[in-house]
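Hi,

Could you take a look at this structure when you get a minute?

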Amino acid sequence: MKKILSLLVFSFSLFVSYAQRDIRVGVNGVRDFTSDSIDIANQVRPIPGNSRNGNNPVLFLVGNSTMRTGTLGNGRNGQWGWGYYVQDYYDEEKITVENHALGGMSPRTFYTMLWKPVLEAVKKGDYVFLELGHNDNGSIDSVRARSSYRPDRKLEVREDSISIYNKVTQKQETVYTYGGYMRRFINEIRAKGATPILFTLTPRNDYEADNPKRIQRKLTDFTPAIFAIGKETNTPVIDLNDISATKLETYGPWKTNYHFYLDKIHSSAYGARMNAQSAAEGILASNDPQVAFLKSCLNDKVNPKRCDQNRQEGKPMVFLCGDSTGKNEDSNPDGMWGWGSQGYTVFDPAKCVFQNQAMAGRSTRTYIDEGRWEEVYHSLEKGDVVLIQFGHNDIGGIKDGKERGVLATAKDSSAVYRMDSSGAYEVIYSAGISRK
């Protein structure tokens with residue numbers, strides 16, 4: 001019996017060890033770039049062009065794990081790529097979005113292993129987002145064999161190449177510079193009558209040591225390279241790195257941490273959504289005529305919603321964020337009322353404007369997930385006050401029932417759960433840090 005128990009404990013330990021390792025690696029079974037692993041990856045990525053709606057254009061996304069974490073890109077390890085949320089900002093009646101990114105890809109490996117079927121699906125009028133560079137590092141003939149050719153070990157924009165024997169594919173390969181690969185993407189997209197758009201790389205969770213209010217721009221060698229390629233080839237460039245980094249700098253280190261998960265490069269759902277919105281904002285702000293039609297496909301989610309329509313000049317606003325104890329039906333004299341309905345009796349309308357943004361049935365988790373906090377956050381101005389009262393609905397089911405519970409601790413804690421209703425994965429934070 002002891003032997004059986006020992007075997008069970010040993011087996012369970014192996015399972016836990018493997019599960020933890022698998023989650024943190026985050027590549028969902030695809031361990032390298034050999035042909036069999038790529039075949040596995042292709043089975044879970046979208047069929048190129050399959051989303052096309054009649055004669056409407058398709059927006060193809062080409063990138064790495066910052067655009068699609070791992071293979072499935074379903075957040076099972078708590079990390080999400082920004083490509084998952086891009087479709088939220090476009091009118092699906094005008095354009096469809098396909099995320100063809102894959103974790104671990106560099107310009108070299110995407111071009112040689114994944115690009116051909118995507119390119120075959122591209123048609124005149126389509127758009128292709130290119131955000132590549134995070135994995136363009138290491139030895140040119142290493143186990144992963146994903147680095148571009150770097151004469152003098154420097155990132156190169158100029159056209160150059162070298163012929164090597166690829167130990168992974170066991171074939172002779174011509175390896176181009178970073179600029180060489182990016183030009184090939186651009187030229188081949190244009191040859192199909194489609195529009196390529198370059199994006200600088202997503203920022204890291206890394207504040208400068210001598211300037212704790214500024215995000216470290218460690219990837220600056222890629223930023224000027226991407227802009228140089230864009231200028232040379234007349235390709236639109238969206239500075240995603242700067243747009244998102246600037247947002248994080250306004251948040252500060254504490255809130256910035258919520259936009260990443262497990263490490264300092266891969267984003268949480270918060271961070272992925274932020275990067276997707278930054279990408280959409282970059283398109284909206286662009287004056288390049290090549291993105292004119294794409295701009296017309298954006299929906300109203302690009303502009304953050306506000307809830308301060310009642311603001312009066314010279315008066316601060318007092319916002320109430322909470323649940324049904326703050327706002328209920330507030331209409332039936334014999335029914336239930338939230339205390340926020342009586343705000344006018346407490347706050348002097350001659351000195352401030354009271355705004356009840358509470359909503360019945362919400363927890364800290366669902367209030368944030370539904371975008372209600374974002375509306376308050378984007379409405380705040382200097383001198384405003386926010387009253388926060390949550391807790392009644394933070395207990396209860398986390399992955400079942402109403403799926404609104406949080407981890408019952410004030411310590412900084414989080415865990416990944418799979419929701420019973422949808423099967424979707426979600427990072428659940430503790431009650432102490434569920435606020436944004």
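Below is what I found, starting with the overall picture and then going through a few places one by one.

Before anything else, this is a predicted model, so keep the cut-offs in mind: local features need pLDDT of at least 70, side-chain atom pairs count only at pLDDT 80 or more, and totals for chains, interfaces and linings use all residues. Residues are numbered from 1 along each chain as its sequence is written, and side-chain values use heavy atoms, with hydrogens and water left out.

**The overall picture**

The protein has 13 helices and 12 strands. Both are DSSP runs numbered from the N terminus (helices are H or I with at least four residues, strands are E with at least two). Of its 436 residues, 49% are buried. Buried means under 20% relative accessible area, exposed means over 50%, and partly exposed is in between, using a 1.4 Å probe and protein chains only. As for contacts (heavy atoms within 4.5 Å), take those with a separation of 6 or more: 69% of them are between residues 24 or more positions apart.

**Helix α9**

How far apart are the end C-alpha atoms of α9? They are 24 Å apart, which agrees with the 24 Å that its 17 residues (269-285) should span at 1.5 Å a residue. The expected span is 1.5 Å times one less than the number of residues. This helix is largely enclosed by the rest of the structure, because 12 of its 17 residues are buried. Among them are Tyr 270, Met 274, Gln 277 and Ile 283.

After the helix comes Gly 193, which has a positive phi near 85 degrees.

Rings of Phe, Tyr and Trp (its six-membered ring) pair if their centres lie within 6.5 Å; planes under 30 degrees apart are stacked, over 60 edge-to-face, and the rest tilted. That gives 18 aromatic pairs. One is Tyr 111 with Phe 185: the centres are 5.4 Å apart and the planes are at 85 degrees, so the pair is edge-to-face. Since Tyr 111 is in α3 and Phe 185 in α5, the pair ties together parts 74 residues apart in sequence. Phe 185 is buried, at 0% relative accessibility.

Tyr 111 and Phe 185 also belong to one aromatic cluster with Phe 110, Trp 115, Tyr 176 and Tyr 181. Arg 184 lies over the face of Tyr 176, 3.6 Å from the ring centre. A charge sits over a ring if NZ of Lys or CZ of Arg is within 6 Å of the ring centre and within 35 degrees of the ring normal. Lys 255 does this too, with its charged end 3.6 Å from the ring centre of Tyr 377.

In α3 you will also find Thr 109, which is buried at 1% relative accessibility. A polar atom of its side chain lies 2.8 Å from the backbone nitrogen of Ser 106.

**Two loops**

Arg 362 is in the loop between β9 and α12. A polar atom of the Arg 362 side chain lies 2.6 Å from the backbone oxygen of Ala 360. Leaving aside neighbours within four places in sequence, Arg 362 has contacts that include Asp 323, Tyr 367 and Phe 390.

Pro 316 is in the loop between α10 and β8, and is partly exposed at 31%. Its C-alpha atom is 7.9 Å from that of Lys 382, although the two are 66 residues apart along the chain.

**Cysteines**

How many disulfides are there? The count is zero, where a disulfide is a pair of cysteine sulfur atoms within 2.5 Å. Cys 297 is buried at 0%, and Cys 352 is buried at 12%.

Cheers

Definitions and conventions
Polar contact = N/O pair within 3.5 Å; in protein donor to acceptor, adjacent residues only side chain to side chain.
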